[in-house]
Amino acid sequence: MTEGMVSEWFIADGAKVKKGEMLYALETEKVNLDVDAEMDGFVKHTVEAGVMLAPGDVVGYIFAFDEPIPADFAGVASPAAAVVAAPKAAAPAAAVSAMPEPVTADSGDGRLKSSPAARRLASELGVALAGLAGSGPGGRIVEADVQQATLQPGFSAGAVSQANVEMKINASPLARRLATERGIDLSQIKGSGPQGRIVQADLDQAPLASGRAAPAQAGPTAGSSVPVRGMRKTIAQRMHQSLQTSAQLSMDMTAQMDDAVRLRGQLLKEWDGEARPTYTDLVIKAVAKALVQHPMMNSRFDDTEITLLREINMGLAVSVPEGLLVPVIRGVHELSLKQIAQESARLAAAARAGTLGLDDYAGGTFTISALGMFGVNSFTPIINQPQTGILGVNQLFDGLSWEGDKPIKTKQMNLSLTWDHRSVDGAPAAEFLASVVEFLSEPYRLLL
Amino acid sequence: MNEFDVVVIGGGPGGYAAGIRAAQLGLSVALVEREALGGTCLNWGCIPTKSLLHSAELYTQMCSASDFGIEAKSVGFDLSKIVQKSRQAADQLSQGIAQLMKKNKIQVFTGDASIVSVGQVQVNDQVLVTDSIVIATGAEQKSLGPIAIDGQQIWGAREAMTPAALPARLLIVGAGAIGVEFASFYQALGSAVTLLEVAPNILPAEDTDISALAAEALAQRGINVQVGQGLQALTSLADCVEATIAGETIQFDAAILSVGVAARVQGLGLEALGVTMDRGFIVVDERQQTSIAGIYAIGDVAGAPCLAHKATHEAMIAAETIAGHAVQGLQRDRIPGCTYSFPQIASIGLREQDAGDRAVRVGRFPLYANGKAVVSGHTEGMIKTIFDAETGALLGAHLIGDSVTELIQGFAVAIGLETTEHELLETIFPHPTVSEAMQESVMLAFDRPLHL
């Protein structure tokens, strides 16, 4: 989670709350959660509903009934009052919190607002300013915010890494503004000012800087613009980063689906509403079994070693109006087809209803993306980093197969595998995909 | 042994600063000065004139003390003591420079220097051997064609800052910073001053808004400001001068020539060395090196603007270059300029008349809307800021009013840091100060004034 907001306060400012009562609704780019009060007391809001926040931001306090309530909360570190903060997510949050631009200190026009003292301290302490909530005017990050950040348990290497690089850039306010306007990556520019500070003149020489007219034309033309934030921003960054950091390639293979179609029909009847298996569920099960046989496809590549993962957690790309969500079926290799069908249905419904919990995202090791319902026959999905593979599920179609010289109409489905060539070569990847196809062609094996 | 890492020729704000910086960086330094340490600035420029102007301002304030409920009877002045005070200040500071030379182990040679060859400087009968030479000889007053400074009725700056008696009728030729300062001084003490400028505006180096306000303010004080007028003739008579202006002959008790300066290079031997010159000034690169390797030039001798702080900054560049440090060259659009007239004028960066096709946002905040200015009775003046309309970069600031010379550094820092309007609007300016008007000007430029 990199940003979120209180979408609704269930308990009014100053009102009493009981432990366990619903306190507020938290909305992030991925989930909507109802947060319960952790103690009895009076609730004081410090943010209004609808204000964007960073992880760790305080949204309000609960004061014990006998506790004095201060007039001003600005300086309240308040060991006495329970801090109601936007919770930090576990595993999935760590992965996305390295986004280079924090929303809280982003002035909306893309400028990162921070004081010189905050930048210096952040640089000294190795704290990423990006991702910090700015408490200064207009969300500007000040020194105290940096100090606060070092005290937060969530500030581990993951949160600091990439964003930190961004903030170590020494650039003048004007240079930062111009870089944003002109789409120039400041990290690629050598500063000529004092102590290597990037100044305006450096940007004028930057290759991209010549297109001064371009942003003017690309600006307010016909129609509206869509702000890149929240889920869209996460998707944009993660997809782009995935393509930049790994060696991805794709291949298709066709599965004979006649038996699978029959099996599904029988199971629908037999389970009678307890579970409704989809073709994607069959593919999930087939992939889970194939991954057990081909553990390299269920691995994580990190330059010095390839970690083969014990658990198989299947990410399931679900389209929602705002974009795309990838909830995870955990321990999928240990689940029966029926359990998979139930779990995938639950997750898909929760995703569309916006009620997925933070745990529902955690720890995916392989992902399945289905576009078959749109008539797609082949595509090249992008790996959900740091996984090694993603399988695209295409539409079921009437194909031909041959019995001797005689063409027969059969049900077929193409499977599109994208994998990371850094860890798996073409032949073993093809073997893995062949295994998936084989399980689908002989679907009784999915029930074993 | 007269061997040094650096020999600096000239002990003004360029030369002595270059010497100190070079010494700080571990170099052995000799400094040659033929007159007094501190140069024109300290002895015959910035410092003594500020003393004179301070006396004149004090006198003016005492004359108007009753406006503030103060009774001051039989207020008068003693011109010789005013001059004496200014000389004391100059002497005191010059001695301070001598101490600084000692402290930094800089060997000072007194005499005229000439560069015999690259690496050799002759002073009197001694030859100083060195790796690097820094020329910091400054500039001297220009005469106006055939009209020469005679020290009697036709004065240069030196005579103008050491008057024996107050001229009843004074002509000042040239309304640059120096001319305007002398006009303010003499007018304040009671001279009938005519200020003549051949350009269409007084203070031609300033933004035209400022020039116009300054002309208005001077005229209001009783100075006869004549712009677009050349001096046709100036003749020294027995006890007065006769000036011909626009075909009319007028008598004055004294005339001050303040028509600019020329580089002081005579006798240095630059021609023989082949040092490249341009319109009388030494040509330097961005590290202050001349066309001859090992010879540097800083300050007035290296070209306009002829300002002490520009010389000092160039001194740092030259000394650090000589010591082998990477330096950033002088950024000419970031040199502030100050005129200590009544009212004062201070400016930095782009003038509006030079913006051309560049889209700019301009804020003009009058000081009468500033609380502190009202309290002190100095409501005359304005703070003008100029921003790039596209990027929000602060491009220039032009100030006129009481004590604005102490405000301009805020804008100098801002421009130096490449500030946009955002940072200036986020900064909290203390109340009540005249500096609040600086921020108000920025607010105006962005259509959100608070007190206007």
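How many residues does the contact take from chain A, and how many from chain B?

Mentor: Happy to. This is a predicted model, where local features need pLDDT of at least 70 and side-chain atom pairs count only at pLDDT 80 or more, while totals for chains, interfaces and linings use all residues. Residues are numbered from 1 along each chain as its sequence is written, and chains are lettered from A and ligands numbered from 1 in the order in which they are written.

Chain A gives 12 residues to the contact and chain B gives 11 (residues are in contact if their C-beta atoms, placed from the backbone, lie within 7 Å). On the side of chain A that touches chain B, the largest share, five residues, comes from helix α5 of chain A, residues 173-182 (helices are DSSP runs of H or I with at least four residues, strands runs of E with at least two, numbered from the N terminus). That side of chain A has seven nonpolar, three polar and two charged residues (Ala, Val, Leu, Ile, Met, Phe, Trp, Tyr, Cys and Pro count as nonpolar, Asp, Glu, Lys and Arg as charged, the others, Gly among them, as polar).

Within chain A, look next at helix α9, residues 258-271. A:Ala260, A:Leu263, A:Arg264 and A:Leu267 are the buried residues of α9(A) (buried means 20 or more other C-beta atoms within 10 Å of a residue's own, exposed 12 or fewer, partly exposed in between, with C-beta atoms placed from the backbone). Seen down the axis, these buried residues fall within an arc of 100°, so they line one face of the helix (the arc is that of the directions from the helix axis to the C-beta atoms). They pack against α10 (279-293) and α12 (426-441) of chain A. On the other side of α9(A), A:Arg262, A:Gly265, A:Gln266 and A:Lys269 are exposed. Just after the helix, A:Asp272 takes a positive phi of about 45°.

One more stop in chain A is A:Ala37, in the loop between β4 (32-36) and β5 (41-45). A:Ala37 is buried, with 21 other C-beta atoms within 10 Å. Leaving out residues up to four places away in sequence, A:Ala37 touches several residues, including A:Val17, A:Gly20 and A:Ile62. A:Gly20 is 17 residues from A:Ala37 along the chain, yet their C-alpha atoms are separated by 5.1 Å.

Technical notes: Two residues are in contact if their C-beta atoms, placed from the backbone, lie within 7 Å. The expected span of a helix is 1.5 Å times one less than its number of residues.
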